[in-house]
Amino acid sequence: MEKGPFSVEWLAQSSRGGAPEVPAAEERVPRRVSPSNAPSVPADTARDREAAERRSPGHEAESVGAAPGRSRTKFSAAQLQELERSFREQRYIRAGEKRRLAAVLNLSQSQIKTWFQNRRMKFKRQTQDAR
């Protein structure tokens, strides 16, 4: 199998953030990938860290109909209470508050950000339904 500029190996490496530059046309040399010249994968990637976060408390996967790869976060009652309190104070979360909530609630900042985005959409639907 030849390794072109957009091969499976190149795309896999680019999705991990370590994609090499696309070589110029004259520099492209087809080569076979063997165990000796296979691209190395760093042991501690962002994907590995996210998987570890999903295994921490509050990250249980839904058993039925769950999409492969990304599990749905099941927030605890205490987490929801704190998130809702913060949302009532301000619908758009600031960076400092996001970091604080992430640390206090044992969630990632991206989970906090996503929760706020989803909560704003829910709020928008509720206010539109009330009209």
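**Entry 1: the overall fold**

I started by reminding myself that this is a predicted model. I then looked up the secondary structure and found 5 helices and 0 strands. Reading from the N terminus, I wrote the order down as α-α-α-α-α.

Next I checked burial: of the 131 residues, 22% count as buried. The accessible surface comes to about 9,900 Å², and carbon and sulfur atoms hold 52% of that surface. I also looked at contacts between residues at least 6 apart in sequence, and 44% of these join residues at least 24 apart.

**Entry 2**

What do I need to describe two packed helices? I need the angle between their axes and the distance between the axes.

I picked helix H3, residues 77-89, and helix H5, residues 109-130. Their axes come within 11 Å and cross at roughly 65 degrees. I noted the crossing of H3 and H5 as right-handed.

Then I listed who meets whom. On the H3 side I found Leu80, Leu83, Glu84, Ser86 and Phe87. Facing them from H5 are Ile112, Trp115, Phe116, Arg119, Arg120 and Phe123.

**Entry 3: the aromatic rings**

How many aromatic pairs does the whole structure hold? My search turned up 4.

One of them is Phe87 with Trp115, an edge-to-face pair with 6.2 Å centre to centre and 85 degrees between the planes. This pair links distant parts of the chain, since Phe87 sits in helix H3 and Trp115 in helix H5, 28 residues apart. Are these two residues buried or exposed? Both Phe87 and Trp115 are buried.

Phe87 has a relative accessible area of 5%, so I logged Phe87 as buried. Phe123 has 26%, so I logged Phe123 as partly exposed; buried would need under 20%.

To finish, I asked which residues make up the aromatic cluster. My answer is Phe87, Trp115, Phe116 and Phe123, which form one cluster.

How values were computed
Residues are numbered from 1 along each chain as its sequence is written. This is a predicted model: local features need pLDDT of at least 70, side-chain atom pairs count only at pLDDT 80 or more; totals for chains, interfaces and linings use all residues. Side-chain values use heavy atoms; hydrogens and water are left out. Helices (H or I, at least four residues) and strands (E, at least two) are DSSP runs, numbered from the N terminus. Buried means under 20% relative accessible area, exposed over 50%, partly exposed in between (1.4 Å probe, protein chains only). Contact means heavy atoms within 4.5 Å. Accessible areas come from the Shrake-Rupley method with a 1.4 Å probe; for residues, only the protein chains shown count as cover. Axes are lines fitted to C-alpha atoms, for helices over the stretch in contact, and angles run from 0 to 180 degrees between N-to-C directions. A crossing is left-handed if the near helix is turned anticlockwise from the far one by less than a right angle, and right-handed if clockwise. Rings of Phe, Tyr and Trp (its six-membered ring) pair if their centres lie within 6.5 Å; planes under 30 degrees apart count as stacked, over 60 as edge-to-face and the rest as tilted.
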